[in-house]
Amino acid sequence: MKKIDLTPQKFHSLTVLHKAMGQTAPLHPLISILDYGKAVFDPEDFEDGIVLDFYKISFKTHFRGQLKYGQGFYDFEEGGMSFVSPGQILRMQDEEADYSGWSLHIHPDFIRPYPLGKNIKQYGFFSYSTAEALYLSEKEKTNILGIFNSIQEELNQRIDPFSQDVIISQIELLLNYSNRFYNRQFITRKAVNHDLLTRMEQLLNDYFDNEDALQNGLPTVEYLAGQLNLSPRYLSDMLRNLTGQNAQQHIHERLIEKAKEYLTATNLSVAEVAYQLGFERPQSFNRLFKKKTSLTPIAFKQSFN
């Protein structure tokens, strides 16, 4: 009987990862491209998940089946991308078995001397879940494939003083294209995203109407994202594209609306309103209310008396 081990397998080097995937050693110790079509491994060896010490950008040229959202909403089937940061757990069931494509792995040390070493954290899709993959049109797929090929060609050539600069520029181009294509995806999913916005607003309404805040404190982005089966960063990026406000700003907006309701329609004191909304300290409520309305809660309450 196979030993039960719930600990994810960790990969600290690209060489060890290539070996585990049945592929030849990487041409560079800090950056490599794996060909999914040539990978040879037993999925059961990684059923408890894997953790990488490097960034992983997967480019899959096709998927099995077709994704459906709501009633008849479909994304492209030509292929897609997913992004993983160092230290994240990746499970094999998150990866489709029937696809072909490539996976770019970038060790943080490769980009550390460049501005990209810090700027890469600004690309929010590295915090998205696998279910929030980027789906590509045929034209978009051609652009991405061209960049993967350019990186591989550079790795195949003899390393010289300019190699790293050239590859870094290709990675930046890849990430910027991904930003553009995700923005397109938010637009093409507007109908679905409006439904998510409606569900989120209902969650906030229920949270306050059921007085969950008294027991659990202020509603969080993590709570809303979990209820909607989304990652927190994806939820915020989706809302920002749809409404101009991120998830935290939506929470604050609903908090202020509910606070105004309590202040004008009940005899609760300002401190009691703060606790009713989930604030641990009335001072925090006072600061947020004044920041959003330019009035203190007491001044707002008095204006209605």
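Analyst: Asn-193 is buried, at a relative accessible area of 2%. The model is predicted. Buried here means under 20%, so Asn-193 falls within that class. Its place is helix H6, which covers residues 190-209. What does Asn-193 contact beyond its neighbours within four places in sequence? The partners are Phe-186, Met-238 and Leu-242.

Two of those numbers lead on to another helix. Helix H9 runs over residues 232-243. Arg-240 and Asp-237 belong to helix H9, three residues apart, which means about one helical turn separates them. These two form a salt bridge, with the closest N and O atoms 2.9 Å apart. Side chains of opposite charge can pair when their charged atoms come close. Arg-240 is partly exposed, at 40%.

Next comes helix H10, residues 247-265. Glu-257 and Arg-254 sit three residues apart there, so about one helical turn lies between them. Their salt bridge has its closest N and O atoms 3.5 Å apart. Arg-254 is buried, with a relative accessible area of 15%. Glu-257 is partly exposed, with 42%.

Helix H10 holds another such pair, Glu-261 and Lys-258. Again the spacing is three residues, so the two are separated by about one helical turn. Their side chains meet in a salt bridge of 3.2 Å, N to O. Lys-258 counts as buried, at 5% relative accessibility. Glu-261 is partly exposed, with a relative accessible area of 38%.

Helix H6, the helix of Asn-193, spans residues 190-209. How many salt bridges are there by this rule? The count comes to eight. Among them are Arg-240 with Asp-237, Glu-257 with Arg-254 and Glu-261 with Lys-258.

Thr-61 lies in a loop. That loop connects strand E4 (55-60) and strand E5 (68-69). Thr-61 counts as buried, at 17% relative accessibility. The cut-off is under 20%, so Thr-61 qualifies. Its side chain makes a polar contact of 2.6 Å with the side chain of Ser-100.

Key
Residues numbered from 1 in each chain as written. Predicted model: local features only at pLDDT ≥ 70, side-chain atom pairs only at ≥ 80, totals over all residues. Heavy atoms only, no water. Helix = DSSP H or I, 4+ residues; strand = E, 2+ residues; numbered from the N terminus. Buried < 20%, exposed > 50% of the residue type's maximum accessible area, 1.4 Å probe, protein only. Contact = heavy atoms within 4.5 Å. Polar contact = N/O pair within 3.5 Å; in protein donor to acceptor, adjacent residues only side chain to side chain. Salt bridge = Lys/Arg side-chain N within 4 Å of Asp/Glu carboxyl O.
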